[in-house]
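Work through the exercises below with the sequence and the 3D view open. Try each task before reading its solution.

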Amino acid sequence: MDHEAVKGPTTRSAARGRRGGTSKTFWRKIREPLAQSRFVKNAIASLFAQFVRIIRLTNRVVDGSAQISGGAHSQFEPIIIALWHGQHLLTPAYYPKGRPLVAMVSRSADAELNALMIEKFGIEAVRGSGGRESSKHRDKGGAKALIALKKSLATGKNVAMIADIPHGTPRDAGLGIVLLARLSGRPILPAAIATSRRKVLERSWDKTTINLPFGRSSIVVGAPVFVPANADEAEMERKRQEVTAALNAATAEAYRLVDGSK
């Protein structure tokens with residue numbers, strides 16, 4: 001009897017282990033097809049878009065905020081809107097309706113949902129990464145994306161671009177956005193959006209901010225940065241630093257407005 005008493009629980013435990021292993025095996029088999037499913041991706045992107053709309057609707061825009069497009073900056077359009085990684089997620093909901101916008105989105109698999117999400121707002125996505133464009137480091141995909149963005153600007157469309165390099169130094173502009181400004185002759189407008197209620201993912205490389213509903217929001221747009229068509233490498237580096245400083249200043253002001261307003 002003692003032997004049977006020990007054997008019973010052990011057998012049941014082993015059976016549960018087999019069932020658990022079977023469940024994990026089943027999940028591994030379906031996980032990849034789900035990740036590749038266009039239907040699933042579109043469904044998730046639609047949920048993200050709805051969440052962003054809710055954030056916009058439930059966060060009152062505080063006094064002192066600006067418009068990302070039009071208003072005081074309409075004289076500079078078409079423009080290159082500069083944003084930071086991890087701080088750009090609300091842009092589609094705050095961008096004025098009816099004004100064409102083309103946004104560069106990373107070619108990474110993780111960014112595909114972002115591309116699908118912004119398309120729900122009528123924003124065109126161009127896949128590529130323009131952070132490391134320079135005479136020493138050419139990214140063919142990024143170069144093609146910059147050409148596409150330049151053509152969009154030429155047709156009068158505004159362009160949005162993440163200024164810092166993916167998984168590089170956060171809040172430090174790459175040369176890609178500066179190169180686009182030089183090639184197109186259009187100014188860079190540093191922009192930042194912040195909410196009073198938010199969750200910062202401290203372990204993420206860019207300190208990604210998840211904005212939350214039922215608070216206050218702010219939009220800050222800095223002074224335009226112009227890049228001469230004949231800018232040499234030294235001037236390009238100066239302009240890169242100027243974009244970095246202007247975008248960091250806009251971001252700090254956006255947070256000051258929501259954290260200091262009552």
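**Exercise 1. The whole protein**

What does the accessible surface of the protein come to, and what percentage of it belongs to carbon and sulfur atoms?

*Solution.* The model is a predicted one. Its accessible surface comes to about 14,200 Å², and 57% of this belongs to carbon and sulfur atoms. Next, turn to the inside: of the 262 residues in the protein, 43% are buried. Then count the elements, which are 7 helices and 9 strands. Last, take the contacts between residues at least 6 apart in sequence: 73% of them join residues at least 24 apart.

**Exercise 2. Strand β2**

Which residues of β2 (residues 80-83) point one way and which the other way?

*Solution.* Start from the general rule: side chains in a regular strand alternate between the two faces of the sheet. In β2, Ile-80 and Ala-82 point one way, while Ile-81 and Leu-83 point the other way. All four are buried, which here needs a relative accessible area under 20%.

Now find the partners. β2 pairs with β5 (residues 158-162) in the parallel sense over 4 bridges, and Ala-160 in β5 is the bridge partner of Ile-81. With β6 (residues 188-195), β2 pairs in the parallel sense over 3 bridges. There Ile-80 stands opposite Ile-188.

**Exercise 3. The nonpolar cores**

Which residues touch the most other members of the largest nonpolar core?

*Solution.* This core has 29 residues, and Ile-68, Ile-81 and Tyr-94 touch the most other members. Elements that each supply at least two of its residues include α2 (38-58), β2, α3 (91-94) and β9 (215-221). A second, separate core has 26 residues, among them Val-102, Met-161, Leu-179 and Val-225.

Follow Ile-68 as an example. Setting aside neighbours within four places in sequence, its contacts include Ile-79, Ile-81, Tyr-94 and Ile-219. Then look at Leu-179 in α6 (residues 175-184): Leu-179 is buried, as are Gly-176, Ile-177, Val-178, Leu-180 and Ala-181. Just after α6, Gly-185 takes a positive phi of about 75 degrees.

**Exercise 4. Ser-217**

Is Ser-217 buried or exposed?

*Solution.* First locate Ser-217, which is in strand β9. Its relative accessible area is 0%, so Ser-217 is buried. Next, check its side chain, which makes a polar contact of 2.9 Å with the side chain of Tyr-94. Finally, list contacts beyond the neighbours within four places in sequence: among them are Asn-59, Arg-60, Val-61, Ala-194 and Val-258.

Note on methods: Residues numbered from 1 in each chain as written. Predicted model: local features only at pLDDT ≥ 70, side-chain atom pairs only at ≥ 80, totals over all residues. Heavy atoms only, no water. Buried < 20%, exposed > 50% of the residue type's maximum accessible area, 1.4 Å probe, protein only. Pairing = 2+ DSSP bridges. Core = buried A, V, L, I, M, F, W, Y, C linked by side-chain atoms within 4.5 Å. Contact = heavy atoms within 4.5 Å. Areas by Shrake-Rupley, 256 points an atom, 1.4 Å probe, with all protein chains shown as cover. Polar contact = N/O pair within 3.5 Å; in protein donor to acceptor, adjacent residues only side chain to side chain.
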